[in-house]
Amino acid sequence: MELKWLLFVTLLALGTLAVQAHDMDDDNDGDDVVDIEDDLDDGTEEMGESKPETSTPPPAPKVTYRPPVPTGDVYFAESFDKGTLDGWILSRAKKDDTDDEIAKYDGKWEVQDMKDTKLPGDKGLVLVTRAKHHAISSKLSKPFVFDTKPLIIQYEVNFQNGIECGGAYVKLLSKTPELNLDQFHDKTPYTIMFGPDKCGEDYKLHFIFRHKNPKTGKYEEKHAKRPDADLKTYFTDKKTHLYTLVLNPDNSFEILVDQTVVNSGNLLNDMSPPVNPPREIEDPNDQKPEDWDERPKIPDPDAVKPDDWDEDAPAKIADENAVKPEGWLDHEPEYVADPDAEKPEDWDEDMDGEWEAPQIANPKCETAPGCGTWQRPMIDNPNYKGKWKPPMIDNVNYQGIWKPRKIPNPDFFEDFEPFKMTPFSAVGLELWSMTSDIFFDNFIICTERAVADDWASDGWGLKKAADGAAEPGVVGQMMAAAEERPWLWVVYILTVALPVFLVVLFCCSGKKQPSAAEYKKTDAPQPDVMDEEKEEEKDKGDKEEEEDEEEANEEKLGSDADIGSASQEEEEEEEEDDRKPASEEEETVNRSPRNRKPRKD
């Protein structure tokens, strides 16, 4: 019990010391200001001697940046580490059906280092301006044709200033004779659109592909289902994230963020609207018959309003049992003119009318239960029933909800290979954003997963390693937080000490078993079961006592050697034959020579 109280007092003392240390720090801060002022008066030499020693933290491990190099065949790879926009074309187009002031694609693009970069020399493409249309694109080394190899597109995005409303998605521009990157705009045909987009609290990760109807030749956008993962962090943490889209010839797809799958599915089953239209559609010319009854319930035509049903009875009536409270001031108004109010000097009765003092609450009513004409309070009318309506019954003529009949879909087709999309020959960014400084880096388009992974490791992987090296460890973060908030020391101490206190409490609070000596001093019953070890020790002790007593008796009977030896032999024979215990007194009597018969020779 003393140990429990000792631990409790120790914890309490530690918490108190931590809080006092925080208060002392605050007091010392004020004292330091005074001391500095005094030192300034005394002279600069004394100040130089009293400079505090500052400890510098050990430098973080340095991560050296090297531009990534593709390790296999690629259709497009761009790291922007040359520091220029060589190979990229800025659009000079205008948006249709938009005011001329904002129709131009005049948003600025620049190649810059990322803000607060931990990798000097790692540059990227930055959307610099806000509230403008931006469009930039670049040709692939060769057009991508969808055949027997997968498509992998991967790039990095960092919303350096967060994101209010805007996108960071890429478009894979379809290979067409009309493609002109100088006039790249929102209506330029694309094959795939992929990447993050956000406005308000709607966080999206687009994967859209344009599918060509084999019967009509028209293109229709197919949108992937929304991922189940929470995407908000990728838009708000101001870190660089890696976005990857993998399309396989078997129509399966995967969407990854930071090399973790956040969405997957099949082009045939997980797109909206579906790739293949339904076999049957509703007949657009079918019309509902005029006598079609869709009412499951109808008013009972045989029901009659009861004679005592009063539809005119009010919902509320005056309480006839109410009594006016004593002291009610019937002749005093609730509000009176303010006696202290004065007419303003600039009040013009011709223009403003006759001046009246403002109304205030009647001070006489403050101590009374009420003022003015007393009225009975209103209560619910027990006879109120409202407007009578006949009860509803099942409609015997109910035919269900009418639907138009189904007819074969004239536009029906089956495309079992939606992966074979329109080839594309360029990659572009066509964006509107209300936030500036969106950072893009390390674009790659290839067919091998290993090539994309190596590219990610040499680019995004280095950024991640540099950020991790610059960030303090868990212990460092806890210490830094405690320096800003000294009360956290109490939390840390309790977090460590409380489990130890509980362990000691449960281990040391067991019931002590009374010792054998305590049982001998009292009449309390002893346990019926004894340990085997204690029994063996007790038996061993009894045997040793018997042997000692035998030796003592033999020495006492040493005067008669013959008789003593004979008695000893007889005792050994009796012990071997009978094995019967005897008390010390019986053994002493039996061993006495007077009680033994003389042996005949």
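## A tour of the predicted model

Start by selecting Leu-242, which sits in strand 12. Helices (H or I, at least four residues) and strands (E, at least two) are DSSP runs numbered from the N terminus. The model is predicted, so local features need pLDDT of at least 70 and side-chain atom pairs count only at pLDDT 80 or more, while totals for chains, interfaces and linings use all residues. Residues are numbered from 1 along each chain as its sequence is written, and side-chain values use heavy atoms, with hydrogens and water left out.

Leu-242 is buried, at 1% relative accessibility. Here buried means under 20% relative accessible area, exposed means over 50%, and partly exposed is in between (1.4 Å probe, protein chains only).

Gln-259 belongs to the loop between strand 13 (252–257) and strand 14 (260–266). Its relative accessibility is 42%, which makes Gln-259 partly exposed. Check the backbone as well: phi of Gln-259 is near 65 degrees, a positive value in a residue other than glycine.

Now go to Thr-240, in the loop between helix 4 (232–236) and strand 12 (241–247). Is Thr-240 buried or exposed? Thr-240 is buried, with a relative accessible area of 8%. Its side chain makes a polar contact with the side chain of Asn-158, at 3.0 Å. A polar contact is a pair of N or O atoms within 3.5 Å; within protein, one must be able to donate a hydrogen and the other to accept it, and residues adjacent in sequence count only if both atoms are side-chain atoms.

**The loop between strands 3 and 4**

Select Asp-122, in the loop between strand 3 (109–113) and strand 4 (123–127). Asp-122 is buried, at 1% relative accessibility. Which side chains does it touch? The side chain of Asp-122 makes a polar contact with that of Tyr-65 (3.4 Å), and another with that of Lys-463 (2.7 Å).

Asp-116 lies in the loop between strand 3 and strand 4. Asp-116 is exposed, at 70% relative accessibility. Although Asp-116 is not a glycine, its phi is positive, about 55 degrees.

**Salt bridges**

Side chains of opposite charge can pair when their charged atoms come close. A salt bridge is counted when a side-chain nitrogen of Lys or Arg is within 4 Å of a carboxyl oxygen of Asp or Glu. The structure holds 26 salt bridges.

Select Lys-364 and Glu-332, a salt bridge whose closest N and O atoms are 3.4 Å apart. Lys-364 is in the loop between strand 20 (359–361) and strand 21 (378–380), and Glu-332 is in the loop between strand 18 (316–318) and strand 19 (335–337), so the pair ties together parts that are 32 residues apart in sequence. Glu-332 is partly exposed, with a relative accessible area of 23%. Elsewhere, salt bridges that share partners join Asp-122, Glu-156, Asp-441 and Lys-463 into one network.

Next, select Lys-288 and Glu-294, whose side chains form a salt bridge (3.6 Å, N to O). Lys-288 is partly exposed at 41% relative accessibility, and Glu-294 is partly exposed at 26%. Then take Glu-311 and Lys-305, a salt bridge of 3.8 Å, N to O.

**A strand and a cis bond**

Asp-197 is in strand 9 (residues 190–199) and is buried, with a relative accessible area of 18%. Show Cys-165 with it: Asp-197 and Cys-165 are 32 residues apart in sequence and 8.0 Å apart in space, C-alpha to C-alpha.

Move to Pro-273, in the loop between strand 15 (271–272) and strand 16 (280–282). The peptide bond from Ser-272 to Pro-273 is cis, with omega near -5 degrees.

**Last stop: helix 9**

Finish at Leu-502 in helix 9 (residues 488–508). Leu-502 is partly exposed, with a relative accessible area of 35%.
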